[in-house]
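Hi,

Here is the structure I promised to pass on. Have a look at it first, then read my notes below.

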Amino acid sequence: MSAAFTGGAVWRAARAAVRRRRLQTVVTGFVVLVSTATLVVALGLLAAASGPFDQAFAKQRGAHLVAAFDAAKATDTQLAATAHLPGVEAAAGPFGLAMLETELPGFGNFPPRTLATVGRADPGGDVDRVDVWAGHWPTGPGQIVLRAVPGQPPFALGSTLHPSREPALTVVGFASSVSWSADAWVAPAQLPALHPAGRQMLYRFAAHTTDTQLRSDTADLTAALPAGALTGSQPYLVLKNAAAGSTTFVPFLVMFGILGLLVAVLIVGNVVSGAVVSGFRHIGVLKALGFTPGQVVAVYLTMISVPAVAGSLLGTVLGNLLARPILSEAFAGFGSADTTVSAWVDVMALLGMPAIAVLAALLPALRARRLSATEAISAGSAPRAGRGLRIQRRLSGTRMPRSVSLGIGMAFARPARSAMTLGAVLLGVLSITASVGFTLTLDNYSRAATRRGS
């Protein structure tokens, strides 16, 4: 083989094929783009649906125990010393704790609410990292941040609270806490004006997986402090069990994720293999020009890889944009507004989808590799002899229009592609039916549960 047919010749031939078949290149790239975006959303749903509470709890370093203490019975020094007890992995506090009785803007027909308000200098730390998803953390007097479901503000920022015995406070932000450690937060300098009567400590324990372990940890804290100092506690398992009751949608997310993954793979495989089969005539021409079978395969793999890589890059970006609001809406109740797609999902999409496209192109290209130049050229214009001919002959003897019988016969002439097309359509219809039915069912259930319209 001469130097004219080295790797440079393969690249030039593939680049020329990409330019000449612009429509096919654009279609391949677009299909890979859409399928990659679907893949990112599907894998993102599967990843997020695996223990959503645990993921949010780990991300925000949730507190295994939220404890309230009587400030008259335990000093701040004594409370701070509990952070060094055996079994305590990390602790935050003590924070001042006041019970603020106030009416919320827009809730005039409801009785005043009592807000457990904590004086905290910043939302970060080793325990219970509060997620400020709107506005900012209070930095001075007269400011307050309220806990609310991410993305669902109960009223506008800048609203004013008018407590019964305390000065007015301006709502400067909304935040979420996976530990539900407080209803509101203020700057520490603001707390004395709210007449605090308690202190709050947040703990993370080395042993925390069972109720027995948490009760033992709580008993150790109680024993280390004066009698009656502990006025209340909230173990995180209570929140975890409550969250488990609100995750009935998780199996459906898993189902949609798997269906989306299968549909994306089938569509890419069908389109790419069809593109290679339609180019059998070009394969024959390349062989006639002197390209070796291996170089012919390399030309087609390169030709498919160019739009596949470009489509996967754009599809990954699009998938992240589509997945984020879906995940945020689905998992907002777990106390985290920052619901992003995991990094491994993007890596899988960027590497996996081009690999699927190349594999789908490799199978028909290897089949064409074994054909001579004459056979490859003729294969591009007609099915191989013997493939579905018996069924086609029987169909031609029926009263169906000739165009219909030929079209049906082609499905049996290329059974693999027909099966892939059938699978993609079947799974697509299944996804649409399940999603619409699930949405309508949940809406009806919500109406029945809330008695709207009664």
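Let's start with the contacts of Leu79: setting aside neighbours within four places in sequence, Leu79 touches Phe69, Ala74, Pro94, Arg199, Met201, Tyr203 and Leu225. Keep in mind that this is a predicted model. You'll find Leu79 in helix α4, which covers residues 76-81. Is Leu79 buried or exposed? Its relative accessibility is 0%, so Leu79 counts as buried, the cut-off being under 20%. Take Phe69, one of its contacts: Phe69 and Leu79 are 10 residues apart in sequence, and their C-alpha atoms are 8.6 Å apart in space.

Now for the surface. Val309, Leu313, Val347, Leu350 and Leu351 make a nonpolar patch of about 420 Å² there. The elements that give two or more residues to this patch are α9 (293-331) and α10 (343-369). Which of them gives the most? That's α10, with three residues. Val347 sits in helix α10, and with a relative accessible area of 44% Val347 is partly exposed, because that value falls between the cut-offs of 20% and 50%.

Arg12, Arg15, Arg19 and Arg22 gather on the surface as a patch of positive charge. Helix α1, residues 7-20, gives the most to this positive patch, with three residues. Arg15 has its place in helix α1, and its relative accessibility is 35%, so Arg15 counts as partly exposed.

Cheers

Definitions and conventions: Residues numbered from 1 in each chain as written. Predicted model: local features only at pLDDT ≥ 70, side-chain atom pairs only at ≥ 80, totals over all residues. Heavy atoms only, no water. Patch = residues over 30% accessible without salt bridge, like charges linked within 9 Å, V, L, I, M, F, W, Y side chains within 5 Å. Areas by Shrake-Rupley, 256 points an atom, 1.4 Å probe, with all protein chains shown as cover. Salt bridge = Lys/Arg side-chain N within 4 Å of Asp/Glu carboxyl O. Lys, Arg positive; Asp, Glu negative; His and termini not counted. Charge placed at Lys NZ, Arg CZ, Asp CG, Glu CD. Helix = DSSP H or I, 4+ residues; strand = E, 2+ residues; numbered from the N terminus. Buried < 20%, exposed > 50% of the residue type's maximum accessible area, 1.4 Å probe, protein only. Contact = heavy atoms within 4.5 Å.
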